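Subject: Structure handover and notes

Hello,

Please find the structure below, followed by notes on what was found in it. The notes go from the whole chain down to single residues.

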Amino acid sequence: MTENIGLVWLKDDFRLKKNLALIEATKENNKVVVFFLLKKKKFDEQEAQKWWVRESLQVFRKQLINYNINLEIVLTDTYKSFFEKLFTKKNFSIYWNRTYEPDYLKFDEFLSKNFKENQIKCSIFKGNILNEFHEVKKNDGTPFKVFTPFWKNAERFYLDKIPKREKKISKCSKKVSFFKKTISEKEIYPKEKWFKKFEKCWSPSEENALKELKIFISNRVKNYSDLRNFPNLLGTSKLSPFIKHGQIHVETIWEECNKIKHLGVNKFLAEIGWREFNHSLINYFPHMLKGNYSKKFDKFPWEKNSKLLTAWKKGLTGYPIVDAGMRELYSIGWMHNRVRMIVGSFLVKHLLIHWIEGEKHFRKCLLDFNQANNISGWQWVAGCGADAAPYFRIFNPILQGEKFDKDGDYVKKWVPELRKVPKKFIHKPWELNDQSILKLDSDYPSPVVIHEEARARALKAFKTI
Ligand SMILES: Cc1cc2nc3c(=O)[nH]c(=O)nc-3n(C[C@H](O)[C@H](O)[C@H](O)COP(=O)(O)OP(=O)(O)OC[C@H]3O[C@@H](n4cnc5c(N)ncnc54)[C@H](O)[C@@H]3O)c2cc1C
């Protein structure tokens, strides 16, 4: 009799710790194969992430070998066409962790129904989240639309059910293969030559995620509340790409943080809470994945202006803090949260360009891109999301720069042509009238819009809805 193989569908779960699907598969089967589906189209929209995924596959493959488990990468046009072929195969059981996006959760239902009909054992587990999105609800059974009460309830709910003992992956008897046609991770290359710079800043692995968390907790979390808004200081954890790709489970973050008692920990965990909230929002209100959460914004008079959009993407708006952020994003596939808010606000309010354009650009460039946080982040900035910043609160990019990058260190790091500009003018270089230091329009652009005029225009546009 042919022995059953445990197949584990690997999505954003590049870890051994708290990888429930993998742990259960190795408990129930002597032979296990982990497979990663490379869906071409999905990756074309998320260029930067190709690099992270390729590196992660390479490292994870090595981790799995220690447990006699093969990692196989299969190229497919669609998930559906791949699984339809799999339904016809025999002698395997299949396991995976949930991905909290409406399309994935709907697809889970389709898969479990079909595997069941074909008498194939299929087990789906909790993914990288503290609470399943539907577990946290108001007393009347409706979803929370405001963060603070959501998080109060979510924390309490999670505390009540923390697992007592952690399960561990078991070693398999023998390394086996399952799929006939596989590809190597080396075939996953971003079109743009981004990865050279990424390689200097990031090292995607479970080991490094755990190491970064420990360093953050030992050295930085106590000052998190005070320093998290200053982009030139290493005030935040920079764990987001590791969380996105599942190199670390948010439960591990929770547990490690709760080993120390400090107010900074609460503030930090509340940010993990925003991630939970955003996942809940997109699943309860999936219309926000395609447009505004708040329908009244459907009539907002957005403007199309490809010249301004390109200037924004390239970090050539003439507003140093905005340009620094956009160049940081393009260089290292990450941008500080405060600056994400500033550049986002600038696009939707100063330039009146639809937030969808910003969302798309972030999706392409961010190593930590995830649907829930990116869509909700953009709608928060634009004012059309749940519990969002009101549209009429318009960030002044000069004052934001002066407040959060007082000495201009962040700007000078990412916009080297401004390195000689004195502190007084670093966030408004057009006021410096000294050609020997900066030739405006040749060294660095004049502002693409005048702040006061843009602000008035944005408020006028807002009044129309
Ligand atoms: C327009 C816009 C787009 C964004 N797009 C994304 C995205 O695609 N992916 C993404 O992970 N985050 C996104 N964010 C949220 C936030 O900017 C990043 O999570 C954060 O900057 C990551 O850096 P960090 O790991 O050092 O964060 P820390 O401050 O150390 O926070 C720890 C973790 O909490 C979560 N977190 C922190 N801030 C937020 C927040 N405001 N909303 C939701 N979760 C948060 C992240 O998982 C983060 O890694 C976006 C924010 C804005 C304003």
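Domain bounds here come from an automatic or database domain assignment. This is a predicted model, in which local features need pLDDT of at least 70 and side-chain atom pairs count only at pLDDT 80 or more, while totals for chains, interfaces and linings use all residues. Residues are numbered from 1 along each chain as its sequence is written.

Domains

The assignment divides the chain into domain 1 (5-127), domain 2 (129-165 + 206-284) and domain 3 (295-463). Between the C-alpha centres of domain 1 and domain 3 there are 38 Å. Two residues are in contact if their C-beta atoms, placed from the backbone, lie within 7 Å. By that rule, 8 residues of domain 1 are in contact with 9 residues of domain 3. The side of domain 1 that touches domain 3 is made up of 3 nonpolar, 2 polar and 3 charged residues. In this count Ala, Val, Leu, Ile, Met, Phe, Trp, Tyr, Cys and Pro are nonpolar, Asp, Glu, Lys and Arg are charged, and the others, Gly among them, are polar.

Whole chain

Along the principal axes, the C-alpha atoms fill a box of roughly 85 × 50 × 45 Å. Of the contacts between residues at least 6 apart in sequence, 77% join residues at least 24 apart.

A residue is called buried if 20 or more other C-beta atoms, placed from the backbone, lie within 10 Å of its own, exposed if 12 or fewer do, and partly exposed in between. On this scale 40% of the 465 residues are buried.

The sheet

The chain contains 20 helices and 5 strands. These are DSSP runs numbered from the N terminus, with helices being H or I over at least four residues and strands being E over at least two. Two strands pair if DSSP finds at least two bridges between them.

The 5 strands form an open sheet in the order 3-2-1-4-5, with parallel pairing. Strand 3 (70-76) and strand 5 (122-125) are at the edges with a single partner strand each, so one side of each has no neighbour in the sheet. On average, neighbouring strands are turned by 25° against each other, direction ignored. Axes are lines fitted to C-alpha atoms, for helices over the stretch in contact, and angles run from 0 to 180 degrees between N-to-C directions.

Strand 1 pairs with strand 2 in the parallel sense over 6 bridges, and W9 stands opposite F35 in strand 2. Strand 1 is also joined to strand 4, in parallel, by 5 bridges, with I5 opposite F92 in strand 4. How many residues of strand 1 are buried? The count is 6 of 6. I5, L7 and W9 are buried on one side, and G6, V8 and L10 are buried on the other.

Strand 2 (residues 31-39) runs parallel to strand 3 and is joined to it by 7 bridges. V34 stands opposite L71 in strand 3. Helix 4 (residues 79-86) lies across strand 2 and strand 3, at about 120° to strand 3. Helix 5 (residues 102-117) packs on the sheet, where it touches strand 4 (92-97) and strand 5, and its direction makes about 155° with that of strand 5.

Single residues

Most residues other than glycine have a negative phi. K18 has a positive phi, near 55°, and sits in the loop between strand 1 (5-10) and helix 1 (20-28). K18 counts as buried because it has 23 C-beta neighbours inside 10 Å. N91 also has a positive phi, near 60°, and is found in the loop between helix 4 and strand 4. With 11 C-beta neighbours inside 10 Å, N91 counts as exposed.

G318 lies in the loop between helix 13 (306-314) and helix 14 (320-332). Its 20 C-beta neighbours inside 10 Å make G318 buried. Leaving out residues up to four places away in sequence, G318 touches W430, P445, S446, P447 and V448.

Regards
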